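Thank you all for making the time this morning.

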Amino acid sequence: MGSVSSEGLPESYQWFPDQIAGHHPSVIKNGKREIGLLKIPGSHEILKPKQDASRGEKEVALYKLLSSSSSVDATTSSSLLTTSSDGLRNGTRMKDVNRMKGLTAKFYGMETLFVDGEDREFLVLEDVTSDYTRPAILDLKMGQVTYDPLASAAKIEKETIKYPPQATMGLRILGYRIHQCNKEVEIRDKDWGKSFDETNIQNGLSEYFSARHADLKMVLQEALDRLQPFKEFFESQESFKFFASSLLFVYEADKTLPINLRIVMIDFSHAFESNGQRDEGYLFGIKNLEKYLNSLISET
């Protein structure tokens, strides 16, 4: 990310160097570069570009709901989640909303910035990596399908053949970034992640969780402990279904500091009302991840 030109960005802003997935400014489409995450160096926030049309509206609506007061009534919550494109609608349970608040990065509102010659809207979010000296960051795309209920037949086919093990594991490694002691960053991308399936995904997970070397078992145990609130949430929540959403892991790779492992849910542009049903695909992925972590702990 550091090699991508910052020309066209507002003064003081830079591309967020630890972005793993999502739109990337190194990619040129129709003569324009994609707009990725932005950050003011030294701040505790990142700016995520609002996606086009209904996808962006869904994500903004969900973050607004999560950042609202727990006293928000059902009418208000419904209006926050309603979009013009069959998005999230009535039926949201505030107890689900309140529990989900603790599982996501903080949302600080919207900001408009002049980027590459035009005004663009951004979500201002907590940078969950900012408190780490040497963050080790992992992005796992969760769920058994990555296309939403409104997807076209072409989109369904494209997503299905992209990574067939998604259906059997309920998760996919999108990549990781580990800051090393020599200021180098070890990077693995989505193509590396696609090399794993249910027969060997533990190898990929072990590689990421081994950044502190001999502390592997402690890191794995902390990851397993931090995963439990997410499992409990998906075992009971009946308000949302998430497609192409991720769990972001971060822990401290500097062995002189506490592990301080944290997990947050990210990417909600394909969030839908679940009509009183659990998100079984996401829960399936969490249970498999729990199984993989337990297996690694027993082998360590």
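Leaving aside its neighbours within four places in sequence, lysine 194 is in contact with Lys162, Tyr163 and Ile173, where contact means heavy atoms within 4.5 Å. Before I go further, this is a predicted model, in which local features need pLDDT of at least 70 and side-chain atom pairs count only at pLDDT 80 or more, while totals for chains, interfaces and linings use all residues. Residues are numbered from 1 along each chain as its sequence is written, and side-chain values use heavy atoms, with hydrogens and water left out.

Lysine 194 is found in the loop between H6 and H7; helices (H or I, at least four residues) and strands (E, at least two) are DSSP runs, numbered from the N terminus. At 32% relative accessibility, lysine 194 counts as partly exposed, given that buried means under 20% relative accessible area, exposed over 50%, and partly exposed in between, with a 1.4 Å probe and protein chains only.

Let me turn to the aromatic rings. Rings of Phe, Tyr and Trp (its six-membered ring) pair if their centres lie within 6.5 Å, and planes under 30 degrees apart count as stacked, over 60 as edge-to-face and the rest as tilted. By this rule the count comes to 16 aromatic pairs. Tyrosine 176 and tryptophan 192 form one that is edge-to-face, with 5.3 Å centre to centre and 85° between the planes. That pair links distant parts of the chain, since tyrosine 176 lies in strand S9 (residues 171–179) and tryptophan 192 in helix H6 (residues 190–193), 16 residues apart. Tyrosine 176 is buried at 0% relative accessibility, and tryptophan 192 is also buried, with a relative accessible area of 17%.

Tyrosine 176 has a further pair with tyrosine 208, which is tilted, at 6.0 Å centre to centre and 45° between the planes. Tyrosine 208 belongs to helix H7 (residues 201–209), so this pair ties S9 to a part of the chain 32 residues apart in sequence. Tyrosine 208, too, counts as buried, at 0% relative accessibility.

Elsewhere, ring pairs link Tyr63, Phe107, Phe233, Phe234, Phe240, Phe242, Phe268 and Tyr282 into a cluster.

Now to a hairpin. Strand S6 (residues 107–115) and strand S7 (residues 118–126) run antiparallel and are joined by 8 bridges, where two strands pair if DSSP finds at least two bridges between them. Threonine 112 stands opposite glutamate 121 in S7. The hairpin has 2 residues between its strands, and aspartate 116 in the turn has a positive phi of about 50°.

Finally, the overall picture. The protein has 9 helices and 14 strands. Its radius of gyration is 19 Å, close to the 19 Å that the globule rule gives for 300 residues, so the protein is as compact as a globular protein of that length; the radius is taken over C-alpha atoms, and the rule is 2.2 Å times the number of residues to the power 0.38. Along its principal axes the C-alpha trace spans about 50 × 45 × 40 Å. Of the 300 residues, 51% count as buried, and residues 24 or more positions apart account for 71% of the contacts with a separation of 6 or more.
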